[in-house]
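This report describes a single chain, from its overall make-up down to individual residues. The sequence and structure come first.

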Amino acid sequence: MASAESPSSNAKQSSRNVQHVILGTLRFQTWYQSIYPEDLVSKDTDTLYVCRWCFRYACDVNTHAGHIKVCQHRTAPPGTKLYDQGGYSVWEVDGANHKLFGQNLSLFAKLFLDHKSVFFDVVSFLYYILVFADPNDPDGSYHILGFFSKEKLSWDANNLACILVFPPYQHKQLGKLLMGVSYKISGWERDPSLIGGPERPLSEMGGRSYGRFWEERMARYLVSLQASNANANSTGEPEDVKTQKSTSTKASARKKHPHELMTVQEIGLATGMLTEDVITSLRGLGVFEPATPSKTRKKPHAGSGSGSGESEAIVIRRSKVLEWAKTRNVNLRDPVRGDSFCLSPLEVRTMESPGSDDDD
Ligand SMILES: [Zn+2]
């Protein structure tokens with residue numbers, strides 16, 4: 001699993017085959033070795049020119065200049081637009097229909113990913129590219145800022161295989177947007193048995209990125225759930241989590257005590273997060289507080305009780321969650337807006353694949 005953020009400088013490799021890339025008009029350093037064919041990209045390439053629309057590469061500036069005049073993707077990205085919000089959009093690209101695009105994107109991404117291997121079986125993958133189109137750009141063109149990939153058939157219900165925000169666009173919360181979209185389009189909303197997460201193991205950087213994302217997702221859910229219980233007419237619930245009105249939450253809403261009793265399993269079903277990720281994020285928020293025996297008597301029906309702790313009741317205190325957000329200066333606004341999806345998650349999954357338009 002890759003990270004949406006840069007590694008520390010001492011993690012960067014010195015034995016890279018490509019030292020710098022030029023993507024559109026941006027020149028920046030690479031971090032790791034990629035596996036470009038040696039007959040096309042020599043082992044000591046200083047600068048590789050990469051098309052910002054299709055990731056086709058060239059060591060020669062004239063070859064590159066010739067390509068970008070005729071690039072078939074210069075006016076619109078490949079694939080189908082799923083999400084569009086404020087100039088940022090996410091497009092689904094089927095690797096089976098756009099093999100060359102998938103391969104060239106993977107080769108480029110490998111320059112910034114510390115993977116042992118990058119998947120070149122592009123046919124088995126979907127690519128979700130993050131696009132920015134500046135409405136004030138006189139060219140009317142667009143930039144691809146990053147992407148995540150997803151296996152079409154994942155036995156572990158992984159909702160993401162690999163994620164990368166390209167270096168010039170990092171530290172703008174764009175990784176969180178991509179992670180949020182990956183949960184939104186996972187199968188969990190229509191089938192809770194499809195709850196998943198990113199492919200494991202996570203890299204150190206990936207673990208940090210996801211840790212922050214999960215904590216904020218959890219905080220958003222807990223705060224809005226309790227706010228909605230405090231006001232039965234509230235519409236402030238997050239858009240991408242299921243509302244679970246368990247007997248315990250109803251009970252606590254009736255009472256003056258500002259806390260919830262929920263099980264880890266219930267929270268996982270509501271947020272689409274795996275049990276282990278729920279526990280990690282509750283601990284990160286500092287709100288993982290097992291209920292005392294007197295409180296657990298009010299515990300709701302809690303599944304089969306696998307003994308893993310997921311049916312254990314947890315006391316959730318809104319004040320602690322809000323305190324966590326305040327001390328860390330965390331904005332609990334969801335980076336993904338449900339009403340900005342062009343297709344519903346179900347439509348996304350049942351969508352007909354468009355025909356291939358790779359030109360070779
Ligand atoms: Zn191109």
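## Basis and overall make-up

This is a predicted model, in which local features need pLDDT of at least 70, side-chain atom pairs count only at pLDDT 80 or more, and totals for chains, interfaces and linings use all residues. Residues are numbered from 1 along each chain as its sequence is written.

The chain has 10 helices and 12 strands; helices (H or I, at least four residues) and strands (E, at least two) are DSSP runs, numbered from the N terminus. Of the 360 residues in the chain, 38% are buried. A residue is buried if 20 or more other C-beta atoms lie within 10 Å of its own, exposed if 12 or fewer, and partly exposed in between, with C-beta atoms placed from the backbone.

Among contacts with a separation of 6 or more, 65% link residues 24 or more positions apart. Two residues are in contact if their C-beta atoms, placed from the backbone, lie within 7 Å.

Two strands pair if DSSP finds at least two bridges between them.

Strand β3 (residues 45–50) runs antiparallel to β4 and is joined to it by 2 bridges. Y49 has A58 in β4 as its bridge partner. Strands of a sheet pair through backbone hydrogen bonds, either parallel or antiparallel.

In helix α6 (residues 264–271), 7 of the 8 residues are buried, so the helix is largely enclosed by the rest of the structure. The buried residues are V264, Q265, E266, I267, G268, A270 and T271. G272 follows α6 and has a positive phi, near 70°.

Helix α7 spans residues 275–285, and its buried residues are D277, V278, I279, S281, L282 and L285. Just after α7, G286 has a positive phi of about 75°.

## S89 in strand β6

S89 lies in strand β6 (residues 88–94). This residue counts as partly exposed because it has 19 C-beta neighbours inside 10 Å.

Not counting residues up to four places away in sequence, S89 touches K81, Y83, D84 and V131. From C-alpha to C-alpha, S89 and F341 are 9.2 Å apart in space, while 252 residues apart in sequence.
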